[in-house]
Amino acid sequence: MVAVNTEQLFIQTINQHQGIIHKVCRMYCSGQEDHHDLFQEIVLQLWKAFPGFRQESKISTWMYRIALNTAISGLRKKKIQTTGIDAIAFQLEDRQEENPEVGLQQLYKAIEHLSDVEKSIVLLYLEDKPYDEIAEITGITANYVAVKMNRIKEKLRTILNVRP
Amino acid sequence: MIDLEELKHLWKDNIDSSVHRQQVNSEEIKTLLKAKSANIIDRLLQNLRIEIGVFMICLLLIACVPFYFHAREVSIVCLLVIGLIFIPYLFYYIKKYRELKKFYSYSASMKSHLEMMIAQLEKYLKIYFWGSIFLTPVTGFLSAFAILYQLKALGFLLYFDTFNYGILSYMLLFSLLLTLLSYPVMKWYIRKLYGQHLEKLKDCLKELNEIA
């Protein structure tokens, strides 16, 4: 009975916050199949960790931790083909006004050029998480997050401003 | 020129609709909970179970030998070999299994999680490597001894003395040669299977710790 209730509570929690998992998957996977595999793996890891969740942190912080840890260290990833940097800058600037979805796709392509750690920080930045919460998720200090964020911004600027 | 704040807006304006298209329902989540994990630790556990299974089958095959030959000496040697091989392997597998069970730390911060994963994976791979290297000569020596002894007990190798120092030295040499050969093979095998993953984790941690 307790197990059933725990399962129901878990499913309810995932239903409410599954956006977090999809965003992490989108950040780390380019194909639909990879997305599905990572989504499944994150749900399984959350399920394993769920009985130990003591509500000392926000549910979203807890979910981000597990989802990002799974994305970074859980699976042996296949090599992802990345688009050339010049092409990204060109496409992003020219096409995002016509169709914002295209702009988003190009943003993802730019993100593919970041390292796994940078991807996690940039995702939390895009999600408007304060530096304190990013620090709590990543385990580095808030000041350190700020330094890293500046470096990532520079890197993204370089990627997105290069012209063909 | 794209400003990063614009990127944030672009993200916010589009991500929800993109996520909405991929939403899964309660039933699908329930199905996912029954799925098999592709996680590296679960795969290591699965590989360990297969290894234990194959090992048990080999031991069972050795245990069946006396029933086939009906010779007292053969039975004694078989039991001896089973006992001598089984005990060190039992400790080896228990140690490996316990190490794998310690791995789950996904709810820790990314830095702590990476530190724990690296430390535990290194420890596990060390046990895997040195356990295999140590057990190779033991298995080689005992197997060679058992085969020769059984052949003699069954009437073959009439002019052959299994307990002769020269023979024992040759068998020991054979075991050591097997160990020498298995050293680079095991190193390559473990590196191929898990070494690259370990390097990747180390790179992530190094990057997380880098300040400038």
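A:Glu118 forms a salt bridge with A:Lys155, their closest N and O atoms lying 2.8 Å apart. A salt bridge here is a side-chain nitrogen of Lys or Arg within 4 Å of a carboxyl oxygen of Asp or Glu. The structure holds 13 of them over all chains. This is a predicted model: local features need pLDDT of at least 70, side-chain atom pairs count only at pLDDT 80 or more, and totals for chains, interfaces and linings use all residues. Side-chain values use heavy atoms, without hydrogens and water.

**A:Glu118 and A:Lys155**
- A:Glu118 lies in helix α6 (residues 116-126) of chain A and A:Lys155 in helix α8 (residues 142-161) of chain A, so the pair ties together parts 37 residues apart in sequence.
- Helices are DSSP runs (H or I, at least four residues), numbered from the N terminus.
- A:Glu118 is buried at 12% relative accessibility.
- Buried means under 20% relative accessible area, exposed over 50%, partly exposed in between (1.4 Å probe, protein chains only).
- A:Lys155 is partly exposed at 32%.

**A:Glu133 and A:Lys58**
- A:Glu133 bridges to A:Lys58, with 3.1 Å between the closest N and O atoms.
- A:Glu133 sits in helix α7 (residues 131-138), A:Lys58 in the loop between α2 (32-49) and α3 (59-74), 75 residues apart.
- A:Glu133 is buried at 7%; A:Lys58 is partly exposed at 49%.
- A salt-bridge network links A:Lys58, A:Lys129 and A:Glu133.

**B:Lys95 and B:Glu99**
- These side chains form a salt bridge at 3.8 Å, N to O.
- Both residues lie in helix α4 (residues 72-101) of chain B, four residues apart, about one turn of the helix.
- B:Lys95 is partly exposed at 39%, while B:Glu99 is buried at 2%.

Technical notes:
Residues numbered from 1 in each chain as written. Chains lettered and ligands numbered in written order. Helix = DSSP H or I, 4+ residues; strand = E, 2+ residues; numbered from the N terminus.
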